[in-house]
2 protein chains.
Amino acid sequence: MTASFIPPKRILMGPGPSDVPQRVLDAMARPTIGHLDPAFVELMEQIKSMLRMAFQTENALTFPVSAPGSAGMEMCFVNLVEPGDKVIVCRNGVFGGRMLENVKRTGGVPVIVDDAWGTPVDPQKVRDAFKANPDAKILAFVHAETSTGAQSDGEALGKIAQAFGALTIMDCVTSLAGTPLYMDKWGIDAAYSGSQKCLSCTPGLSPVSFSDRAIERIKARTTPVQSWFLDLNLVLGYWQSSGKRTYHHTAPINPMYGLHEALVILEEEGLENAWARHRAMHEKLKAGLEAMGLKYVVEASARLPQLNSIYVPEGVDEAAIRARLLNEFSLEIGAGLGDMAGKIWRIGLMGYSAKQENVDYCLKAFKAYLP
Amino acid sequence: MTASFIPPKRILMGPGPSDVPQRVLDAMARPTIGHLDPAFVELMEQIKSMLRMAFQTENALTFPVSAPGSAGMEMCFVNLVEPGDKVIVCRNGVFGGRMLENVKRTGGVPVIVDDAWGTPVDPQKVRDAFKANPDAKILAFVHAETSTGAQSDGEALGKIAQAFGALTIMDCVTSLAGTPLYMDKWGIDAAYSGSQKCLSCTPGLSPVSFSDRAIERIKARTTPVQSWFLDLNLVLGYWQSSGKRTYHHTAPINPMYGLHEALVILEEEGLENAWARHRAMHEKLKAGLEAMGLKYVVEASARLPQLNSIYVPEGVDEAAIRARLLNEFSLEIGAGLGDMAGKIWRIGLMGYSAKQENVDYCLKAFKAYLP
């Protein structure tokens, strides 16, 4: 017989999931109702409205995909890219590379703009790519590269795409609610995020938002969307409030309760206050890490406050330290991905994890192991 | 300011979600841990093992997809069907139709076997379809049609596909843990289900299982899988235990706690006892409904115990009755879908909802409104 699973209590300071407030956990445990219940429809409307605040958008089509962030990414690409469409993809980390994979699998023709891992996307290279490819229909970039901790200039990149008449897809999995992001002001047409980063909900949902221009593009498609589950033409019938709602799939009811509560907490704090808190906690953590002689991977101007990438000091076994942090301090931090595996640590200060108590605890734990 | 969402307490006797036991809800609220935490890996292994019991399979590749049942369906089709592959699709309700959509979107060539809604798939028609299409590579059918309440003969259909050298994809969203199902004995190669039916977990996860023959087929593909999120070649690196686990996506941690607890409860009861309980509760509900003069849609030999489809009596406004059941009894039952909209009700007796208390309550509520 298998016993019930009682998870250990962790302090989550990796690249996500972040610590989940008890209020969100409590919400997850409320009684399940049906996905067509009028009360659930009301919940959905409130979630959509609060997500608009988080994305800083008026987009009607703003909602959580019933799956993790990678499905939100795929929803953007399978709906907006048709076979043969040229897409400029910026790649300065793992998630730019994943965007490229998505372009290929939808039959798009990628134009790759590469920047070194740990640096932001260079707007000049993007401008040059558009000049060389004036028929490019979409620009895709990652606002906050979770694999490196580098932040790109969403406003500059959005404006360039607009100047060349292209749509923009932006990955804001790690930036939403953690660092300034203005979807409408920047002219972003499609954005996707995750519930488990700066929103501090449990993982499994992917908030997305689509501009009217994006919807027009989808409606004008001449080929069917390759995914049934992610086809916005079908999803729209379920998530749009006006008129009769059509059954598409069964939404994850209880995780939606959790996301709702996480957004209520964000509303209570205020979005700008949340951004300022992430910044303030980052400054404190940085001061402590640098006092120990640790060096940041990303230069200050492009550094994400909510994801602190630092080099592993020479001669230190990074995996051994992470294991000790987990086993002796119950503290989770992240390893490097891809090219940066073994070379860096990633310390998250996301959502509910971005608090003084966690900063102090993390610094204390590091001091216990570093020379 | 938005207030926290407090859902009404419902009795869920629709086509899913079903009532969720408090133990599962409590599990959902346990502290979130990381998706790469050794404790989470252990949880995954236990879930995989208990799912094998539920599917009655030895398949190593048995796990929950991080999204609802429609994503589980899509995972089966995008991985097993290559452009040009001939697929025999049985359509006797909404979900057979959805399978057909999936075949088309993967570039497969569908051969449709139609049966009337409310009847099971006719094995002779399937045999004839194979004779007329000996090059068909896959047979796809729905074991338990949630839209009608009809059960098809999984064993007979699985054996026919094997005789013609084809793989079989089976939808068991509504049957898993509710009615006898033997994946290995029947020779089924790919099966998908949902967490929110007879497992009585919250919605959002899709248990799937793939035979070694299915994995060989996937490995022998000459075209890439069109979905990144659902590509089993990538998912395998995350869900397979042996060796180094690769990051693919962030799993929905807390819903996995819920699924684990739901499976522990199933293990405690015993799978065959759970099947018997569904059958016994169905007999009681049926006796009560028939005593009121209500007629079943599906004939007794193909009737699903966990989904009771009954005709709305002449002159009765079905939507008004459903609304009163919800508003005055807080009881959810289901409407008809597609061709059966307005003509039938669907009363679920799934998982935790399949109990004497619910049967009595449902009959009492119906008596209050029916002549």
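How much area do chain B and chain A bury between them? The answer is given under View 1, and the views are taken from a predicted model. In this predicted model local features need pLDDT of at least 70, side-chain atom pairs count only at pLDDT 80 or more, and totals for chains, interfaces and linings use all residues. Residues are numbered from 1 along each chain as its sequence is written, chains are lettered from A and ligands numbered from 1 in the order in which they are written, and side-chain values use heavy atoms, with hydrogens and water left out.

**View 1. The interface of chain B with chain A.** Chain B and chain A bury about 5900 Å² between them, 63% of it on carbon and sulfur atoms (buried area is the accessible area, with a 1.4 Å probe, that two parts lose on being put together, summed over both). Phe5(B), Arg105(B) and Trp228(B) supply 14% of the area that chain B buries against chain A, more than any other three residues. In contact are 70 residues of chain B and 70 residues of chain A (contact means heavy atoms within 4.5 Å).

**View 2. A salt bridge between the chains, Arg105(A) with Asp231(B).** The closest N and O atoms of this pair are 2.8 Å apart (a salt bridge is a side-chain nitrogen of Lys or Arg within 4 Å of a carboxyl oxygen of Asp or Glu). Between chain B and chain A the count is four salt bridges.

**View 3. A salt bridge inside chain A, Asp85(A) with Lys137(A).** The N to O distance is 3.2 Å. Asp85(A) lies in the loop between helix H3 (69-80) and strand S3 (86-91), and Lys137(A) in the loop between helix H5 (123-132) and strand S5 (138-142), 52 residues apart (helices, H or I of at least four residues, and strands, E of at least two, are DSSP runs numbered from the N terminus). Over all chains, the structure holds 32 salt bridges.

**View 4. Helices H2 and H10 of chain A.** H2 (residues 38-55) and H10 (residues 253-269) of chain A pack at an angle of about 45 degrees, with their axes 10 Å apart (axes are lines fitted to C-alpha atoms, for helices over the stretch in contact, and angles run from 0 to 180 degrees between N-to-C directions). Residues that meet here include Phe40(A) and Leu43(A) in H2(A), and Ile253(A) and Met256(A) in H10(A).
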